[in-house]
Amino acid sequence: MVFGKTLSLQNPLSLRSQSMGRLLIEFSSQITLERVQRENPNVTEGGKYIPPDCRPKQKVAIIIPFRHRDNHLKYWLHYLHPILRRQKIEYGIFIINQLGEETFNRAKLLNVGYTEALKDGEYNCFIFSDVDLIPMDDRNIYHCYDQPRHFAIAMDKFGFSVSTSLLLSPSLPMPLLVTTRPSYIPAGSALCFYVPAGHRHPLSPSVSPGLFTCAAPPWSPPSSAQSFVKALLPYAGYFGGVSGLSKKQFLKINGFPNEYWGWGGEDDDIYNRITLNGMKVSRPDVRIGRYRMIKHERDKHNEPNPQRFTKIQNTKNTMRKDGISSLMYRVVSVKKHPLYTNISVEIGKPP
Ligand code: UD2
Ligand code: MN
């Protein structure tokens, strides 16, 4: 293992390219911004890059909702700058930092990012990424597609185990989410367990080791067994983590909702906006759309939003009035750092 270095392993599945494929991603070595800067000498002030040897059709703004995650940001920059460069993307990185300690509002910050990026350059593609998500395969290309794109379709939040080989099966029809937190699992989805060979399911001993066993909803969340049981989630409407829309697609859905304060639901609302406006979600191959999330606890002031389940039933009625058309915020500072542009904003608080 090479610590702290992006290593391009040759992927035996790939016939297309020698230099692109599966990456080794780890978060154990310490990195500094100075080092990331040294390793990316062609990135210019504000975190901008233009490939020297081609003229991309798209200009991509990468928008990251942010508060108190400096350590995650270092890893994100360390991994993503080289990946984006290899992908020959013309891009700029925008960190949208929510000032103060009011409840976090991810989707509103993303709307701010869209608006502020357009003040800075003629972007026509917007990629919205959590700060803690690193793609594991650089063939997952960070640009926009004919339909709104969901990039982060499979992930392992707590390290790999045997179950990941099943995640990669090309025959799986839907994106999968591996989670050890029952609160991630929306009502109405099927819940599947995987018990590694040689182990027993702590709650249901009848579950066969080595096989996935699925329970149709309603099921009861695993509680004591969280760290042992992996819930595997086929969830067609999942749009969290990393997504991308062209300017036209973004405007067609009136941007994102501003009224989701706290954790959860905003990504489902965005998914609803997309389908209600006659678009479909496009996704990479399940073998390529794999991500690693930096392990973290739930942040302070981003508690699960208890209104999320009722709000996502109402997207149809709210999306025209709540969105980029109704966005209000105050920019406090714009600072161009060597590897990114930081925009610190006041976005208010829940009503
Ligand atoms: C899931 C989704 C995420 C979003 C969230 C619900 C995945 C992989 N991600 O993430 O897209 O839908 O659920 O809201 O499914 N953040 C900060 N500071 C804070 C709080 C949040 O910077 O104090 C930012 C940061 O970029 C973070 C993102 O918001 O990655 C999402 O928050 P999270 O990582 O706590 O949520 P998580 O992992 O459950
Ligand atoms: Mn996260």
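## Overall fold and confidence

Two residues are in contact if their C-beta atoms, placed from the backbone, lie within 7 Å. By that criterion, 79% of the contacts in the chain between residues at least 6 apart in sequence join residues at least 24 apart. The model is predicted. Its secondary structure comes to eight helices and 17 strands, and 42% of the 351 residues count as buried.

The average pLDDT of the chain is 80, and 70% of the residues score at least 70. Over residues 1–18 the pLDDT stays under 50, and the model has 25 contacts beyond four places in sequence for them. The pLDDT is also below 50 over residues 158–184, a stretch with 55 contacts in the model beyond near neighbours in sequence. For the complex, the predictor gives an ipTM of 0.99 and a pTM of 0.80.

In soluble globular proteins, nonpolar side chains tend to be buried together. Here the largest nonpolar core has 65 residues, of which I63, F94, I96 and F126 touch the most other members. Helix α2, residues 70–86, supplies the largest share of this core, with eight residues.

I63 can be followed in detail. Leaving aside residues up to four places away in sequence, I63 touches F94, I96, L110, G113, Y114, A117, F126, I127 and F128. Of these, F94, I96 and F126 are named with I63 among the residues that touch the most other core members.

## Helix α2

The length of α2 fits a helix: at 1.5 Å a residue its 17 residues should span 24 Å, and the end C-alpha atoms are 25 Å apart, which agrees. The helix has a bend of about 25° at L80, and the proline P82 follows within four residues. Just after the helix, K88 takes a positive phi of about 55°.

The buried residues of α2 are H72, L73, Y75, W76, L77, H78, Y79, L80, H81, I83 and L84. L80, the site of the bend, is therefore in the buried set, as 20 or more other C-beta atoms within 10 Å make a residue buried. The packing partners of these buried residues are α1 (33–39), β3 (48–49), β5 (90–98) and β7 (133–135).

## Helices α3 and α6

Helix α3 (106–120) has 15 residues, which at 1.5 Å a residue should span 21 Å; its end C-alpha atoms are 21 Å apart, so the two values agree. Its buried residues are R106, A107, K108, L109, L110, N111, V112, G113, Y114 and A117. These pack against β4, β5, β6 (125–129), α5 (247–252), α6 and β17 (341–346). L110, G113, Y114 and A117 are also on the contact list of I63.

Helix α6 is mostly covered, with nine of its 11 residues buried. The buried positions are E266, D267, D268, D269, I270, Y271, N272, R273 and I274. They pack against α3, α7 and α8 (315–318). After α6 comes G278, with a positive phi near 75°.

## Surroundings of ligand 1

The shell around ligand 1 holds 24 residues, and the closest are D130, V131, G240, G241 and D299. β4 (59–66) and α6 (266–276) each supply at least two residues of this shell. β4 gives the most, with three residues.

## Loop residues

Two histidines in loops have a positive phi. H68 lies in the loop between β4 and α2, and its phi is about 50° although H68 is not a glycine. With 13 other C-beta atoms within 10 Å, H68 is partly exposed. H301 lies in the loop between β15 (290–293) and α7 (308–311). Its phi is about 60°, and H301 is not a glycine either. H301 has 16 other C-beta atoms within 10 Å and so is partly exposed.

N277 is found in the loop between α6 and β15. It counts as partly exposed because 13 C-beta neighbours lie inside 10 Å. Apart from residues up to four places away in sequence, N277 touches K252 and I253. N277 and K295 are 18 residues apart along the chain, and their C-alpha atoms are separated by 35 Å.

Key: Residues numbered from 1 in each chain as written. Chains lettered and ligands numbered in written order. Buried ≥ 20, exposed ≤ 12 C-beta atoms within 10 Å, placed from the backbone. pLDDT = per-residue confidence, 0-100. Core = buried A, V, L, I, M, F, W, Y, C linked by C-beta atoms within 7 Å. Expected span 1.5 Å × (residues − 1). Bend = angle between axes of the 7 residues up to and from the residue. Near = placed C-beta within 6 Å.
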